[in-house]
Amino acid sequence: MDKLLRRRGTYVCRSCIQSFQRQPRRGYATAAPSQPDIFDVVCVGGGPAGLSANPVTAHLRMALVEAQDLSKLRAWKLPPDRYSNRCSSLTPASASFLDRIGAWKHIDRDRVQPYHEMQVWDGVSGARIEFDSPPTNGGTIAYMIENLNLISGLLKRLDELGGVAMYDSSRVEHITYGEETEEVDLRQWPVVHLSSGAQLAARLLVGADGANSPVRTFAGIQARGWDYDRHGVVATLQLSESTPNTFKTAYQRFLPTGPVALLPLPGPYASLVWSTTPQNAAHLKSLSSEDFVAMVNAAFRLSPVDLAYLHTIPSNHVDELTWRSQHTPFPSPPTIPYPVTAVQPQTVASFPLRLRHADSYTAHRIALLGDAAHTVHPLAGQGLNQGQGDVQALAGTVAEAVQHGMDLGVIGALQDYNGKRFMGRDGGLWSR
Amino acid sequence: MRATGQAQRALRAARPFFSSKSAAGVLPLTTSSLPLSPSPAPTLSQSTPSKPRLHSTFPASSSSVNATELSHFSSLASSWWDPHGPSRPLHQMNPLRHDFIRLCLGPSYPSPSSGPTLRYLDVGCGGGIFAESAARLPTTREVTAIDPSETILEVARQHMRGDPGLKGKLRYLNRSIETLEVPGDKDKYDVVSLFEVLEHVDHPKEFLRRLSQFVRPDGGWLVMSTIARTWISWIVTNVVAEDILGVVPKGTHDWNKYVNVEELRELFKSEGGWSEPRVMGVVYVPGCGWKVVEGSEKIGNYFFGVQRLD
């Protein structure tokens, strides 16, 4: 469909395009232009949500603003035995959406690991739930993918399509409303002012700019929620052995301080997400690699009382784990993960966990996507998938507006998006 | 003819809550088949009592514009583009207009890749809800939109300035159809649209004849939407919508001017040179917007399109 739509030409009139073309897109280092460049869609944020939004609306005059240098992201490459510590769990629905917009084929599939089973249990009682997936999905519950692999694939797809003006290595300095001139009245159009001096006027300004979204702030939309008083500790791990890539298991154990999860990557590798108190997180980051590995193994085996003690000692976790394991009954792999043998260098990191939900996903000439609209706890692996769902819905709304000649930035055109994504969202979002 | 096209649509919004079956056989009014006499008397319906018409404010004495309608719609100008204002049902209906035009043109509707080709004349454009949207389509070469109310056209022109994409594709003229010069055949319009206007016109038959001269021979379309004159539409538009719910400004509708689909069919058949009409009945469901309901053209709001053959 996007191919079909791409041929449609643009909303922006010829004279505007000409004035756009006369101006260089970059290099406003000294003097800011008095007239902004006019776009149908300006997307702030080149993360997974923002990048996915661009191919599906590529028939319009589009601009993408990203603080990072995209050429570095395009060229992203790691050796086959190294994995990034920032991974996401991609549902089959999200994967098929990426396939439809032509991005899936650009993703390095050798680094993507589907998993087919989940073992989830309680750290205090041992009560356990096992999940599998019906064979209709090929038995796949979800795909573990490095965020950078996804971003790099989306960028390659955008390059393939062309037609999107890229403003990378550009910070958003501020956002204002436009001005009225003799020619045109842009007083209701958001204008994004970039650190390079460029000014981009947007028929629709898409905020895919994360939890602290400047676009959301500009729109005066409040985001409500709370901090969990927990940090997520991530790391890339190597296990002693593994099941074949054709049948992998994800593990999650609920501890009194929060859930700890081990998600499979290809071969003997796995991705850790351990939500715990900020003090525990700081402690984990302070440990030697050997002690850190011992703590991760302990988290899937020892009792909460033992773990609490291990969080109080500065070292010697390897010996403590060995001794305590002899006196603690726990199941054998693969009911629990195979023992972790190593943590990859520089992959231990942590970030605060919070919940935020915007009061609305739309305002006049504004739409919020992904974390800008909703920031969620990672325990269910839904953050990125909800963002992909937003993108699908917004793309449908925009296509409908274009088909009927609507101004795609006005509330009347956007209300369908807000209705689909905002309404009914609360039930699944407010989990503690 | 009528005052400003757009305002009126607001009115009709309400009517559809009723099931079409209960309504069909019960129309209380006998409608004569269209009287073709060019008498100054009213409309398609002979049972309609004529009201005094005040033509004095509009320059063209032969105008279809009714002064009362003109002032009514002019007073709505400021709220025209408020998506939650009195014109909300019109905004909600607008996508259906494009769907209906696509339905009429069928395979001859240009593909977006073929560039801008279609020329529109929007009669009774009001604040420009349809005119702007038509001009935005990549298949549109130009839109000429006319309305007798200068007050509302000011709103339309001002609103148009807020979208740089419309420049050069859309022009507004303060004219009635009677004062608009009929172009030569090759400059006639691919689509002449008349949305929520006919029910506000004093002499619909003469008015439509005049309009026909602007349709491109050999394939152009005259596309309109209006309300059937039934007891249901009387209750819904005049009583429920205007008095009870207040979703439509008071005084928007004169039920006596409503035109039934059979009357239009008869008219175009007797005139000759037109295709079989395409008809699409629509119903307003509060909270959901407009829905296409087969057969509902006999009850309330409907679209009507005919193609000029000769």
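Helices (H or I, at least four residues) and strands (E, at least two) are DSSP runs, numbered from the N terminus. The views come from a predicted model, in which local features need pLDDT of at least 70, side-chain atom pairs count only at pLDDT 80 or more, and totals for chains, interfaces and linings use all residues. Residues are numbered from 1 along each chain as its sequence is written, chains are lettered from A in the order in which they are written, and side-chain values use heavy atoms, with hydrogens and water left out.

**View 1. B:D147 and its contact with B:C125.** B:D147 is found in the loop between β2 (140-146) and α6 (150-160) of chain B. B:D147 is buried, at a relative accessible area of 0% (buried is under 20%, exposed over 50%, partly exposed in between; 1.4 Å probe, protein chains only). A polar atom of the B:D147 side chain lies 3.2 Å from the backbone nitrogen of B:C125. UniProt, in an unreviewed entry, lists B:D147 under "binding site", together with B:R97, B:G124 and B:F195. UniProt positions follow the numbering used here, feature names are shortened, and annotations may be inferred rather than shown by experiment.

**View 2. B:R97 in helix α4.** The helix spans residues 88-105 of chain B. B:R97 is buried, with a relative accessible area of 0%.

**View 3. B:E196 and B:H200 in one loop of chain B.** B:E196 is in the loop between β4 (191-195) and α7 (204-212). B:H200 also lies between β4 and α7. B:E196 has a relative accessible area of 0%, and B:H200 has 0%. The unreviewed UniProt entry gives B:E196, B:E199 and B:H200 as "binding site".

**View 4. The aromatic pair A:Y361 and A:F422.** Rings of Phe, Tyr and Trp (its six-membered ring) pair if their centres lie within 6.5 Å; planes under 30 degrees apart are stacked, over 60 edge-to-face, the rest tilted. The count is 14 aromatic pairs over all chains. A:Y361 and A:F422 are edge-to-face, 5.3 Å centre to centre, with 85 degrees between the planes. The two residues are 61 residues apart in chain A. Both A:Y361 and A:F422 are buried.

**View 5. An arginine over a ring: B:R119 and B:Y189.** The charged end of B:R119 sits 4.7 Å from the ring centre of B:Y189 (NZ of Lys or CZ of Arg within 6 Å of the ring centre and within 35 degrees of the ring normal).

Key:
Polar contact = N/O pair within 3.5 Å; in protein donor to acceptor, adjacent residues only side chain to side chain.
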